[in-house]
Amino acid sequence: MIPFELAEPTSLAAAVKLLDPDDETVRPIAGGTALMLMMKAGVFRPQKLVSLRKIEAKYSGIAASGDGLRIGAMTTLNAVERSADVKKHAPVVTRTMRTLSNVRVRNVATVGGALAHGDPHMDLPPVLMALGATLTIVGPKGERKLPLEELFTGYYETVLDKNELISEVHVPSQGAKKGAYMKVTTGSADDWPALGVAVVLDADGGAIKSARVVGSAATTKATRLKAAETVLNGKTVDDKLLKAAGDAAIEESEFIADVRGSMPYKRELMRVYVGRAVRAAMQGTGA
Amino acid sequence: MATTLNPAAKAGAQVGRSVPRLEGRDKVTGRAEYTHTMRLPGMLHAKLFRSTVPHGRIKSVDTSAAKKLPGVLHVVTVDDVRKVLPHPYYGPAFHDQPILADGKVRFVGEPVAAVISADPHIAEEAVQLITAEYEELPAIYDEVEALDTNIFVHEELKPAGTFADLKHLKGAKGTNLALDYRLRRGDFDKAYAAAAHKFEHEFKTQKVLHLSFEPFACICDYRETGVTFYDSTQGPSFVRTEMARLLGWPENKVRIKVPYLGSGYGSKLYIKLEALALALSMIARKPVKIAYTFEEMFYQITRHPSTFRIKSGVDKDGRIVARKCEVFWNGGAYADIGPRVTQKSGLTAAGPYDIDNVWIDSYALYTNMTPAGALRGFGVPQLVWAYENHTDMMARALNMDPVEFRRKNLAVEGKPHATGQMLKDHPVDKVMDKVLERMEWSKPFDKGGSGHIKRGRGFAIANKAVISPTTSVAIVNVAADGSATLYCGTVDMGQGSDTAMAQMVAEILNIPAEDVRVTPRDTDVTPYDMGTLGSRSLFHMGHAVRRAAEDARDKLKALAKEVGEPEGSNIPIADLFQKRYGMQAGNVIGSGIYKPDYTPPAPGTGQSPNVTPFWMVAGSGAEVEVDIETGHVKITKLVNVVDCGKAINPKSVETQISGAALMHLGFSMFEKMHLDGGQVTNASLADYKIPGFHDLPSVLESHYVEHDQSNGPFGAKGVGEVATFCVGPALANAIDDACGVRLMEMPLNAEAVYRAIRAKQGKPLEEA
């Protein structure tokens, strides 16, 4: 690792000004758990890092209101895991946190970083996407809002400009909806997932009024599986329906092969796990 | 009797007591010393530039930009090394490995140049500025293809001269074969032809690595008057001999100091970073440290991938009458200790069975991959993987219970081994019974209903011969206050050897084990030992330590007689010295040396009445749940039973068993170095996963059977590797029992299991 400049602005506005839209070697750093690995591997060699650790404290907090949660982008995953408000308004997030990475990473990694990094293997983005979260993004021209499901454009790619920062995530209250996240690993239990499936269901008994289903890790990006949702919406859950939902999901997903599995295998995993995630949500089991 | 350093510690019955680790407190409070974190005054750091091609001639190496980077002191290639060490090659079996690539590169990751700086970050940056041009050559990766190809990893073979059975390979050209070991007993062809049932299978194992938690590290401090190494090594005596050879110096000018090791598992044997550190310190004329990152661990040493073709003939009563084993060991680009793995494990390739007609061919082969060496089992886990799958497959085909089929064929006490040696202290039946008892094998077993979870259970059993002949020396020094210090070269890398050796000294001197100090390894003061490897230490060094302690005890008795004490006096040792020397002064020094008897195997047949001083026996039982919709395997129960003779320290024995089994669970279930065109595609801990706490079986049991090793120190023998042998095949046998699929290759990961299930259903999953 070579020496680089470390800027530690004390406001979000100042941080945005320090970023350069045209320079790949200038990047913001929050928890740094992903960026440091890239720097160690020599994949990323910065000229300047803009640390967000000293920006206004309000970006590191969780606030609950009638319409849900506002989670500051600099909130650590550990704070999300332990928040009573998150447990009340989005219990599926609290459950997911226990299987997400490990305690050392959760202590420093941030919600904003987990989203902005664009890594399809992350566990939190598909869950927030299934909950219908929206982002507040701050750039030189001010603020804009963006549905989370529009953030990712490809493998480690997002719509964010190089001088834009996520400032806040708004998560609608889960309310009576049921949710589940299935992290599927093929190596050790604490490996990155080979597949992630998140579902949030508005259901009445065994009947699904509306479903949001998101696939990740096996795919180039966390992807909302609308065809699978269409299969499920307005139907009563049975094995045949879940199989049809799984079949629909694989048709609309773009799979990637890696050391965790081939494309044909990951397709089969998703075919099975869309249904299992729906079942887990209905039964209140699983993450 | 002695000055009791620990007031709670008592003398008597030291052997067989679960003494807490003597070094445990220093380790858990962060005070134990490790090479990887050590700094010397004025020390420089070296970082390595590595080959990006698997096989090629080096056309040029451009170091000019690196040399210009401020803070860079030296950029070193093999041409610079030659100026200080004219013959820059090393290796335990072959002198085939260059200190830095010499004209050719033979695997991706091979060190080509080194940068020295006072700042490791500058050295690392400078490495990025080095470029090399190669004329790429075709490469060979597969161990079976390597035997019959026109791609040769080495132009000419260079046996080191240490091993008699390699001498005929000197100067051999046009081959990748670094050793062909043979065993012939009876007449395989005739017996196989006449057998009622014939079976033939081929099994494979993948490339995995040791991943000790302290990566490779070495500091060399060279001066004209002598050289000192601070080294994370399992074999300081070998390092000393080999460094003295490279320098043309007597051994007493070479000093190897070894702090505690953050484990080794066989990776830190022989020469790893020492020769390069020596060359760099000679060039820089300052202490130079090389300390690997985890990512670099993938380019030093791995376990051997293997292909094992096994044939058995069985008679009408279910007795195995003939067995042929052809084993191909993928040794990578440099031989390291591969030829020894090929021979010493090769001799047990037919398993713990009583078979009259045995044919074994075992081949060490060069390929264009990271070199392979010993990994906790010295090749035996790869063999057991094959023969214990094969055993189950035969039993099922013969409609016999796999356990009963084994019982019918086990080579019990008093039967001859395939080498001709009569089996003694080889309690396979006791080990088997213990596994079956803990598995409740005779009770009905729930195989799961019609859902997607199927349950199964499996068993495996194996043996291993300890490597022979090897030598150990120990010294026990009793001070005038009665405290004792042990000097022995066995490296405590986490296995608890210091504590076990101290217990043996304490038993004989009748003092508490806690009062015995074991000196840190330092070849200036600790005597010769062949190396901490192959479960040899407790037996060989144990005998040397026992003899040294007995020698000291006898000298103390003589001293008592000299000062006029009556026979059988229990005068405290301190008073004895006081009486003899008039004050707290003097020492009593005992020494011991041990080398077991050995008869070299006959050339061509491998027959010997005494090929090993002791056998290790292990058995495993596994219960699994297989998700037939995804191929995921959940291990609900894993029972590992070993024979360790007498347990010197029962707690250490238990953790050796569980540790070895869990390490092997990773190799069996998911660990794999993925290679693409010779490139490792998962060379990091983010992508090469090892087992964590969540991978523990729901029930994990570790047991040993009490069976005194009749020629062992206090009836004991080594236990470091033995629980690794059977985990893989027991799991594979359980998976087959659950869902009727047989995996012929490790790892048994979810995709492999799922693909096998689909193939069995006649709907094979398309290839990647």
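This tour moves through the structure one selection at a time and says what is found at each stop.

The model is predicted, so local features are reported at pLDDT of at least 70 and side-chain atom pairs at pLDDT 80 or more, while totals for chains, interfaces and linings use all residues. Residues are numbered from 1 along each chain as its sequence is written, and chains are lettered from A in the order in which they are written.

**Where the chains meet**

Begin by showing both chains: 21 residues of chain A are in contact with 26 residues of chain B, where contact means that two C-beta atoms, placed from the backbone, lie within 7 Å. On the side of chain A that touches chain B, helix H11 (residues 263–283) of chain A gives the most, with six residues. Helices here are DSSP runs of H or I with at least four residues, and strands are runs of E with at least two, numbered from the N terminus. By class, that side of chain A has twelve nonpolar, six polar and three charged residues; Ala, Val, Leu, Ile, Met, Phe, Trp, Tyr, Cys and Pro count as nonpolar, Asp, Glu, Lys and Arg as charged, and the others, Gly among them, as polar.

**The nonpolar core**

Next, select Val199(A), Leu486(B), Val505(B), Ile735(B) and Val753(B), which touch the most other members of the largest nonpolar core, a set of 333 residues. A nonpolar core is made of buried Ala, Val, Leu, Ile, Met, Phe, Trp, Tyr and Cys residues joined through C-beta atoms within 7 Å. A residue is buried if 20 or more other C-beta atoms lie within 10 Å of its own, exposed if 12 or fewer, and partly exposed in between. Leaving aside neighbours within four places in sequence, Ile735(B) is in contact with several residues, including Gly456(B), Val624(B), Leu743(B) and Val753(B).

**Two pairs of helices**

Now select helix H9 (residues 380–397) and H16 of chain B, whose axes come within 8 Å and cross at roughly 30°; axes are lines fitted to C-alpha atoms over the stretch in contact, and angles run from 0 to 180 degrees between N-to-C directions. H9(B) and H16(B) are therefore roughly parallel to each other, since angles under 35 degrees count as roughly parallel, over 145 as roughly antiparallel, 65 to 115 as roughly perpendicular and the rest as oblique. Among the residues that meet are Trp385(B) and Asn389(B) in H9(B), and Ala732(B) and Asn733(B) in H16(B). By class, this contact of H9(B) with H16(B) has five nonpolar, three polar and three charged residues.

For the second pair, select helix H13 (residues 537–562) and helix H14 (residues 573–581) of chain B, whose axes come within 10 Å and cross at roughly 50°, and which are therefore oblique to each other. The contact is made by Leu556(B), Leu559(B), Ala560(B) and Glu562(B) of H13(B) with Ile573(B), Leu576(B) and Arg580(B) of H14(B). By class, the contact of H13(B) with H14(B) has five nonpolar, no polar and two charged residues.

**A loop and the helix after it**

Select Ser263(B), which lies in the loop between strand E13 (254–258) and helix H7 (274–284) of chain B. Ser263(B) is buried, with 20 other C-beta atoms within 10 Å. Not counting residues up to four places away in sequence, Ser263(B) touches Ser212(B), Phe213(B), Glu214(B), Met493(B) and Gly494(B).

Tyr270(B) counts as buried, with 26 C-beta neighbours inside 10 Å. Continue into H7(B), which is mostly covered, as eleven of its eleven residues are buried. Just after H7(B), Arg285(B) takes a positive phi of about 55°.

Most residues other than glycine have a negative phi, and most peptide bonds are trans. Select Asp336(B), which is not a glycine but has a positive phi of about 45°, and which lies in the loop between strand E17 (320–330) and helix H8 (338–344) of chain B.

Finish with two cis peptide bonds. The one joining Ser468(B) and Pro469(B) has an omega of about -5°, and Pro469(B) is found in the loop between strand E20 (453–465) and strand E21 (472–479) of chain B. The bond from Met746(B) to Pro747(B) is cis, with omega near 0°, and Pro747(B) is found in the loop between helix H16 (727–739) and helix H17 (750–760) of chain B.
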